[in-house]
Amino acid sequence: MSDEELIAAARDAAANAYAPYSDYPVGAALRFADGAIVTGTNIENASYGLSLCAETLAVSKALAEGRRGGLERIAVVGPKGKGGDAPITPCGRCRQTLNEIAQLGGTDPLVLCVGANEVLELRLSELLPHGFGPAHLD
Ligand code: THU
């Protein structure tokens, strides 16, 4: 699957966002070495603080499917017209969550942070330098 298709998968996922409080739907798509795509979207909660981000949902789904590595690429898409249309970058907790499955498989996935006019491409290790992960507990 091309980067464009991965971004399209993230955008499709955002259509199912449950984000009535922020009105900020987000979609994430994870691409694995075997070609599988796992998507997620943000799921908010009336308590606000219990809200879950799109990337965290996607990683949870992947782990629940038995995936323990092979994460190669990630696309994250937010709504148009917000934040000056700048590329959306994963929040701190999502960086840590992504690092868990990445480090399990020994990969440093490329993160496609999608904006209205540009796609910012960063390695997860650039977003989370010196991250703590499962390898530390071996
Ligand atoms: N959100 C994500 O799903 N992913 C991110 O990378 C940033 C923020 C969600 C959380 C919340 O539901 C909404 O976007 C506004 O912060």
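1. In this predicted model, the shell around the ligand comprises, by class, six nonpolar, three polar and two charged residues. Its members are Ser 22, Tyr 24, Val 26, Asn 42, Glu 44, Cys 53, Ala 54, Glu 55, Thr 89, Pro 90 and Cys 91.

2. A polar atom in the side chain of Glu 44 is placed 2.5 Å from a ligand oxygen atom. For Glu 55, a polar side-chain atom lies 2.6 Å from an oxygen atom of the ligand. Ala 54 takes part through its backbone, a polar atom of which is 2.9 Å from an oxygen atom of the ligand. The ligand taken alone exposes 370 Å², and the protein buries 78% of that area.

3. The largest nonpolar core has 21 residues, and those touching the most other members are Leu 30, Phe 32, Leu 71, Ile 74, Leu 98 and Val 111. At least two residues of this core come from each of strand S1 (27-32), helix H2 (54-64), strand S3 (71-77), helix H3 (92-105), strand S4 (110-114) and helix H4 (124-127). The largest contribution is that of H2, which gives four residues. There is also a second, separate core of ten residues, including Ala 10, Val 77, Leu 112 and Val 114.

4. Leu 30 may be examined individually. Apart from residues up to four places away in sequence, Leu 30 touches Leu 6, Ala 36, Ile 37, Val 38, Ala 58, Val 59, Ala 62, Leu 71, Arg 73, Ile 74 and Leu 98. Two of these contacts, Leu 71 and Ile 74, are also listed among the core members that touch the most others.

5. With residues up to four places away in sequence set aside, Arg 31 touches Met 1, Asp 3, Leu 6, Ala 36, Ile 37, Gly 70, Leu 71, Glu 72 and Arg 73.

6. Helix H2 has the buried residues Ala 54, Glu 55, Thr 56, Ala 58, Val 59 and Ala 62. Their cover includes S1, strand S2 (37-41), S3 and H3. Ala 54 and Glu 55 also belong to the residues around the ligand. Thr 56, likewise in H2, counts as buried because its relative accessible area is 9%. Beyond its neighbours within four places in sequence, Thr 56 is in contact with Arg 93, Cys 94 and Thr 97.

7. Arg 68 is located in the loop between H2 and S3. The backbone oxygen of Leu 63 is 2.8 Å from a polar side-chain atom of Arg 68. Neighbours within four places in sequence aside, the contacts of Arg 68 are Leu 63, Ile 101, Leu 104 and Gly 105. Arg 68 and Ile 7 are 61 residues apart along the chain, and their C-alpha atoms are separated by 23 Å.

8. When residues up to four places away in sequence are excluded, Leu 52 touches Thr 41, Asn 42, Ile 43, Leu 57 and Arg 93. Between Leu 52 and Tyr 18, 34 residues apart in sequence, the C-alpha to C-alpha distance is 9.8 Å.

Technical notes
Residues are numbered from 1 along each chain as its sequence is written. This is a predicted model: local features need pLDDT of at least 70, side-chain atom pairs count only at pLDDT 80 or more; totals for chains, interfaces and linings use all residues. Side-chain values use heavy atoms; hydrogens and water are left out. A residue is near a molecule or strand if one of its heavy atoms lies within 4 Å of it. A polar contact is a pair of N or O atoms within 3.5 Å; within protein, one must be able to donate a hydrogen and the other to accept it, and residues adjacent in sequence count only if both atoms are side-chain atoms. Accessible areas come from the Shrake-Rupley method with a 1.4 Å probe; for residues, only the protein chains shown count as cover. Ala, Val, Leu, Ile, Met, Phe, Trp, Tyr, Cys and Pro count as nonpolar, Asp, Glu, Lys and Arg as charged, and the others, Gly among them, as polar. A nonpolar core is a set of buried Ala, Val, Leu, Ile, Met, Phe, Trp, Tyr and Cys residues joined through side-chain atoms within 4.5 Å. Buried means under 20% relative accessible area, exposed over 50%, partly exposed in between (1.4 Å probe, protein chains only). Contact means heavy atoms within 4.5 Å.
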